[in-house]
Amino acid sequence: MKFPVWFIVVFMGASFACAESTTADARVYFISPHAGQMVRNPVTVRFGLRGMGVAPAGTHIPHTGHHHLILDAPLPALERVVPKDERHLHFGNGQTETVLNLKPGWHTLQLLFADSGHVPHKPPVVSQKIGIFVVPDTMSPPSPAP
C-alpha cells in the first residue's frame, strides 16, 4: 500500500512530538512502600513508571531504560553513569520490584530511571525521596537450654 507524502510527514511529525513529550512527561514513583510507612523485613519495594518503557541495560530503544534505587544517599551526578554500590542499586534486567533486608530505623529511598548505559535521562526522571521506618523484629530467638 502506498501512502501520500503528506500522510508520512504528518505521521512522522506526530511520532516525534509524542516521543518528545513522553520523555519530558515521564514519571517514576514508588507503588510501595509509601512515604512514612512503618515496615518489617523483608521489605518489598515496587517501582512505578509512566511515560517511558522499561528495558534491560544495554537495550538501545528510545524512551526506555531501567530503574536504580538510591538508598540512604543523595542523588548521584545526573550527567554521569549511576554508581553501583550498596547505596545505588541497579535493576538492569528490567526488574520493577525488589526485596530488601534493612537495619531497623529510618531509611530514605529514591528512584532514578536511566538509559541503556546507566546514565540518567535528560531531563532526569527521578522520584520523590521517601522515608520509611523499619520496625525491629520483636521476636527474639529462644535462648539455648543450659
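This is a stop-by-stop tour of a predicted model.

**Before starting**

Residues are numbered from 1 along each chain as its sequence is written. Because the model is predicted, local features need pLDDT of at least 70 and side-chain atom pairs count only at pLDDT 80 or more, while totals for chains, interfaces and linings use all residues; side-chain values use heavy atoms, with hydrogens and water left out.

**Whole chain**

Colour the chain by pLDDT, the predictor's confidence in each residue, from 0 to 100. The average is 85, and 79% of the residues score at least 70. Select residues 3-21: pLDDT there is below 50, and beyond near neighbours in sequence the stretch has two contacts in the model. Contact here means heavy atoms within 4.5 Å.

Switch to cartoon. Of the 146 residues, 34% are buried. Buried means under 20% relative accessible area, exposed over 50%, and partly exposed in between (1.4 Å probe, protein chains only). Among contacts between residues at least 6 apart in sequence, 67% join residues at least 24 apart.

**Stop 1**

Select β1 (27-32), β7 (97-100) and β3 (residues 43-50). They form an open sheet in the order β1-β3-β7, with antiparallel pairing. The edge strands are β1 and β7, each pairing on one side only. From one strand to the next the twist averages 25°; axes are lines fitted to C-alpha atoms, for helices over the stretch in contact, and angles run from 0 to 180 degrees between N-to-C directions. Strands count as paired if DSSP finds at least two bridges between them; β3 and β7 have four.

**Stop 2: two cis prolines**

Show S32 and P33, which are joined by a cis peptide bond with omega about 0°. P33 lies in the loop between β1 and β2 (38-39). Then move to N41 and P42, where another cis peptide bond has omega about -5°. P42 is in the loop between β2 and β3.

**Stop 3: S116 and its surroundings**

Select S116, in the loop between β8 (105-114) and β9 (120-126). S116 counts as buried because its relative accessible area is 16%. Its side chain makes a polar contact of 2.9 Å with that of H60. Such a contact is a pair of N or O atoms within 3.5 Å; within protein, one must be able to donate a hydrogen and the other to accept it, and residues adjacent in sequence count only if both atoms are side-chain atoms. Leaving aside neighbours within four places in sequence, S116 touches A57, G58, T59, H60 and H66.

In that β8-β9 loop, select H118. Its phi is near 70°, a positive value in a residue other than glycine. H118 is partly exposed, at 21% relative accessible area.

**Stop 4: an aromatic pair**

The structure holds two aromatic pairs. Show W106 and F133, which are edge-to-face at 5.4 Å centre to centre with 65° between the planes. W106 belongs to β8 and F133 to β10 (residues 130-134), so the pair ties together parts 27 residues apart in sequence. Rings of Phe, Tyr and Trp (its six-membered ring) pair if their centres lie within 6.5 Å; planes under 30 degrees apart count as stacked, over 60 as edge-to-face and the rest as tilted. W106 is exposed at 57%, whereas F133 is partly exposed at 22%.

Definitions and conventions
Helices (H or I, at least four residues) and strands (E, at least two) are DSSP runs, numbered from the N terminus.
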